[in-house]
Amino acid sequence: MPQSLTTQTSDLEKILDALSFLTSIRNFDDVLAVFGISDLPTAQKYGIIFGCLTFTVTVVTVLTLLIMGGSFKRIAEQAKHGGSSIPDAIEERVSRPLLLERLLEARERLLKKYPEPEKTDAMTPLTKMLLNIAPDIAKAKEVMDSIVVSSEDDKKKKNEKLKKFIPDGYEDNYIEAYRRCQDKPGGPAISGYPEARFEAYARAYAGCGSYSSTSYRRSYARLYEAVSCANHASEKKYREHWFERPLDIVGRTIRLEPLEAERHLRDFFAMTCGDVFKENKSFDPNEVWAFHSEGPFKSPEAMYKSFVFQRKMNEAGFAIVESLTDRMVGVVLLTNDDPQNLSISLELPIVKPSSEGTVEPIEGCFLLMDRLFSIGYRRIELSVDSMDNKGKQLSGRLGFTQEGLIPKHRIVKESSRDSLIYGMLNSDWDKGARSFLFKKLHGEKAMNSDARNEKRESELEKRNKALAQMKASESNQNQNK
């Protein structure tokens with residue numbers, strides 16, 4: 001017969017009935033009886049008890065550590081923002097403890113004893129020394145248009161005036177390179193413009209100047225010839241660029257332009273301030289500026305007054321510009337030029353986060369290092385904040401050797417900085433570091449081609465020098481007779 005609803009037991013009564021055993025517990029033996037272990041041997045009984053206690057203590061300890069250590073908070077933040085909130089090197093650098101007030105006051109007092117070093121936003125002597133050389137085409141055209149040649153004397157006067165606008169050694173190097181490329185061009189001729197390769201090779205070779213090594217000039221010119229004469233469009237682009245900006249150092253993927261506020265300031269501020277810029281998303285500007293002495297900057301005007309555009313006389317600044325899009329990628333600086341000891345410092349490239357570790361900043365460093373060694377420098381130093389993991393990785397990718405750690409090396413943003421010192425020697429560069437980096441940038445095929453070309457050209461150069469010496473000796477003997 002169905003049970004009446006009024007006689008059914010409620011859920012609360014069921015729970016109380018299930019827990020009724022608690023009221024019967026009077027001692028420890030009752031607890032053991034509840035769990036059904038009162039009849040077990042004593043050893044097993046106490047083993048189970050201590051196992052349960054150990055488990056309980058472990059769980060409580062873990063939960064306490066998670067709560068006190070902030071792990072639950074980080075997990076909640078990660079779930080909210082969709083990323084890890086574990087502090088990285090940049091956050092640690094930003095939160096680095098400040099120096100004591102007495103030390104900062106001492107620095108300020110001592111600096112007053114010395115005059116402010118001269119700074120400029122114009123091209124420094126070091127910048128001019130590293131750039132390509134080229135004739136002043138605009139002034140040369142003015143001379144050509146102003147003088148009407150009607151006699152041999154007029155022709156001589158015109159040539160003399162034109163030579164004033166041609167750097168020393170440029171004309172001889174141009175002619176020599178042009179003829180050399182005629183004998184052995186770096187690739188097939190461009191249809192309709194057979195002399196394009198000869199001109200490209202010659203202007204790149206002569207543009208390196210007479211003080212750079214001939215092996216460097218040949219390598220730079222061959223690469224420029226290959227890039228500029230790939231097709232009709234590239235030939236036109238690079239030829240027009242040379243007429244407009246002949247001093248730029250040109251590579252495969254980028255070119256180095258002398259850093260100018262009027263040309264580069266606005267774009268460089270926009271790409272490093274953290275705001276959305278073209279196809280790049282917004283980011284924390286400390287990703288760019290955390291390890292530098294200044295920055296982030298609130299405005300282009302503030303950036304203009306900083307170390308980026310205000311440089312000492314023994315420093316140089318270059319804009320890294322992508323060849324394909326003509327967009328600025330970043331900035332690379334040279335500091336502490338010491339010509340007496342043939343030593344100089346290369347600073348880590350300053351680029352937006354999406355460009356870190358890409359080929360563009362690496363090629364920018366390669367172009368500068370290659371030119372510095374070609375004109376006689378013996379050592380290039382790279383100083384990296386000991387907390388800058390990305391900077392340390394880039395040093396390795398560039399082939400630098402770690403030479404040591406200097407504690408309390410610098411004061412950066414009123415905090416102490418320990419510096420890792422990396423070095424590159426001219427001997428290491430010649431023995432394999434250059435080939436290693438060249439292969440990484442341009443591929444094994446281009447590296448092998450560069451090596452073969454250098455071997456052939458160097459042998460030809462030695463042979464021509466020997467012939468020239470023989471002719472000079474014979475001429476002297478004939479004069480003595």
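Predicted model: local features only at pLDDT ≥ 70, side-chain atom pairs only at ≥ 80, totals over all residues.
Reader: Why is D326 called partly exposed?

Author: D326 has a relative accessible area of 43%. Buried means under 20% and exposed means over 50%, with partly exposed in between. The value of 43% falls in between, so D326 is partly exposed.

Reader: Where is D326, and what is said of its phi?

Author: D326 sits in the loop between β5 and β6. Its phi is near 60 degrees, which is a positive value in a residue other than glycine.

Reader: What makes E414 partly exposed?

Author: The relative accessible area of E414 is 39%. E414 lies in the loop between β10 (401-412) and β11 (415-425), and has a positive phi near 65 degrees.

Reader: How do you know that β5 and β6 pair?

Author: Two strands pair if at least two bridges are found between them. Six bridges join β5 (residues 316-322) to β6, so the pair meets the definition. The two strands run antiparallel, and G317 stands opposite L333 in β6. They form a hairpin with five residues between them, D326 being in the turn.

Reader: How do you know that β6 also pairs with β8?

Author: Two bridges join β6 to β8 (residues 350-351). The definition asks for at least two, so two bridges are enough. These strands run antiparallel, with G330 opposite V351 in β8.

Reader: What makes β6 and β7 a pair?

Author: Three bridges connect β6 with β7 (residues 343-346), in the antiparallel sense. T335 has S345 in β7 as its bridge partner. The hairpin of β6 and β7 has four residues between the strands, and L342 there takes a positive phi near 55 degrees.

Reader: Why is β6 called mostly covered?

Author: Strand β6 spans residues 328-338, and nine of its eleven residues are buried. Buried means under 20% relative accessible area, so nine of the eleven residues fall under that cut-off.

Reader: What makes the bond between G295 and P296 a cis peptide bond?

Author: Omega of the bond that joins G295 and P296 is about 0 degrees, and the bond is listed as cis. P296 is found in the loop between α15 (286-289) and α16 (300-304).

Methods:
Residues numbered from 1 in each chain as written. Heavy atoms only, no water. Buried < 20%, exposed > 50% of the residue type's maximum accessible area, 1.4 Å probe, protein only.
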